[in-house]
Amino acid sequence: MVEKEKVLEVKNLSVGFISHGKRMNVIRNISLDVFQGETLAIVGESGSGKSVFTKTFTGMLDANGFISNGSIIFHGEDLAKKKKPKEWLGIRGKKIATIFQDPMTSLNPLFTIGYQIKEVLKIHHHMNEKQAHQEALNLLKKVRIPEPEKRMKDYPFQYSGGMRQRVVIAIALACHPEILICDEPTTALDVTVQAQILQLIKELQEEYKWTTIFITHDLGVVANVADRIAVMYGGQIVEYGTAEDIFYDPRHPYTWALLSSLPQLGSKDEPLLYIKGNPPSFDEEIIGDAFAIRSDYAMKIDYVKEPPMFQISDTHFAKTWLLDERAPKVKKPAIIQNLRERMKIAAKELKREVGDNDEAE
């Protein structure tokens, strides 16, 4: 097996924020490799640190945020050392692009769709007006916007949510990025449009050979697109592995909880499960396993000592004391013990709902 090239290497990364004169440690000592051409999903509840973590790749932390430790190596350069906005000009958008949850945060309501795509082409590829116009048309066709010549003259408010997200994808495409970060890109869309957008990103990735990083709170969203999955909780990666590892051999209680609460897996005869309690606050120091207070599987050691990252296989790692040889043997929740069969049923239902129609709205 040929090992894929690393496109991004994150080593011992920690990120802090200053709020009301107090320091909060939001990202806590994360190490993660991202490989060329893969789709990596970063999954966890709101407040787990997913977006903050990936914002360090493009220098988009809020003004009160800072990298306190670690490195982010991209083409031999440490992105963690960049401090000034001008240092990011050759990286942000051009080499590492981001699609956000709400496309209106990326689109200017005062300019037409065509103008906004053409500006990107002129800035990054030095095209003249005629060249930029033709390429903008091609990009809108790529993302399946109907009547692109006509729709180029429209303003963002004249597009639906799904169509606006397609435009944002077109703008990202215009830069020819090496890495595309998709930050909850389908959360505000209905299930049919969501499936269409995910399929579109997957197809374009195969054509343009970029690396995709999906950020989501819903494991079900990435079930059919992710090659690897990193599960985040309390500012740390608590489990990571291939999609097969995470879905069908999960080892961390938090991953069990995320899978158990997938609405797609529910049935009329079973109550809808949820994760009790709330994610930890970063106001105070987190001691031990951050998930212990919400876990039915917590042991005494979970409240006093942070677990190491245990290796399960060449591809699979989890940060839980349950993997220590001295820990008691426990069973996974019943709902995920036959997860493969439940996932097949859920996939069939989704396919029936979406149908074979892949046209834009």
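**Figure 1. Tyrosine 233 and phenylalanine 291, a buried aromatic pair.** In this predicted model, tyrosine 233 and phenylalanine 291 are both buried, where buried means under 20% relative accessible area, exposed over 50% and partly exposed in between (1.4 Å probe, protein chains only). The whole structure contains 11 aromatic pairs; rings of Phe, Tyr and Trp (its six-membered ring) pair if their centres lie within 6.5 Å, and planes under 30 degrees apart count as stacked, over 60 as edge-to-face and the rest as tilted. The pair of tyrosine 233 and phenylalanine 291 is edge-to-face, with 5.2 Å from centre to centre and 85 degrees between the planes. Distant parts of the chain are linked by this pair, 58 residues apart: tyrosine 233 belongs to strand β9 (residues 228-233), and phenylalanine 291 to the loop between α8 and β11 (310-311). Helices (H or I, at least four residues) and strands (E, at least two) are DSSP runs, numbered from the N terminus. Tyr233, Tyr254 and Phe291 form one aromatic cluster. Residues are numbered from 1 along each chain as its sequence is written, and side-chain values use heavy atoms, with hydrogens and water left out. Because the model is predicted, local features need pLDDT of at least 70 and side-chain atom pairs count only at pLDDT 80 or more, while totals for chains, interfaces and linings use all residues.

**Figure 2. Helix α8 and the pair of tryptophan 256 with tyrosine 297.** An edge-to-face aromatic pair is formed by tryptophan 256 and tyrosine 297, at 4.9 Å centre to centre and with 85 degrees between the planes. Tryptophan 256 lies in helix α8 and tyrosine 297 in the loop between α8 and β11, 41 residues apart, and the pair thus links distant parts of the chain. Tryptophan 256 counts as buried at 4% relative accessibility, whereas tyrosine 297, with a relative accessible area of 22%, is partly exposed. Eight of the eight residues of helix α8 (residues 253-260) are buried, so the helix is largely enclosed by the rest of the structure. The buried residues are Pro253, Tyr254, Thr255, Trp256, Ala257, Leu258, Leu259 and Ser260.

**Figure 3. Surroundings of phenylalanine 282.** Phenylalanine 282 is placed in the loop between α8 and β11. With 14% relative accessibility, phenylalanine 282 counts as buried. Not counting residues up to four places away in sequence, phenylalanine 282 touches Met24, Asn25, Val26, Gly47, Gly234 and Gly235; contact means heavy atoms within 4.5 Å. Aspartate 324 is 42 residues from phenylalanine 282 in sequence and 27 Å from it in space, C-alpha to C-alpha.

**Figure 4. The crossing of helices α2 and α3.** The axes of helix α2 (residues 113-125) and helix α3 (residues 129-142) come within 9 Å and cross at roughly 115 degrees. Axes are lines fitted to C-alpha atoms, for helices over the stretch in contact, and angles run from 0 to 180 degrees between N-to-C directions. The α2–α3 crossing is right-handed. On the α2 side the contact is made by Ile113, Ile117, Lys118, Leu121 and Lys122, and on the α3 side by Glu129, Ala132, His133, Glu135, Ala136, Leu139 and Leu140.

**Figure 5. Isoleucine 169 in helix α5.** Isoleucine 169 is found in helix α5 and counts as buried at 1% relative accessibility. Beyond the residues up to four places away in sequence, isoleucine 169 touches Ile99, Val143, Ile197, Leu200, Ile201 and Leu204.

Figure 6. Glutamate 178 occupies the loop between α5 (161-174) and β7 (179-183) and is partly exposed, with a relative accessible area of 25%. Leaving aside residues up to four places away in sequence, glutamate 178 touches Val7, Phe74, His75, Lys95, Trp210 and Thr211. Its C-alpha atom is separated by 7.8 Å from that of lysine 209, 31 residues apart along the chain. Most residues other than glycine have a negative phi. Histidine 75, in the loop between β4 (65-74) and β5 (77-78), has a positive phi near 50 degrees and is exposed at 52% relative accessibility. Lysine 209, in the loop between α6 (191-208) and β8 (211-216), has a positive phi of about 60 degrees and is exposed, with a relative accessible area of 58%.

Note on methods
A crossing is left-handed if the near helix is turned anticlockwise from the far one by less than a right angle, and right-handed if clockwise.
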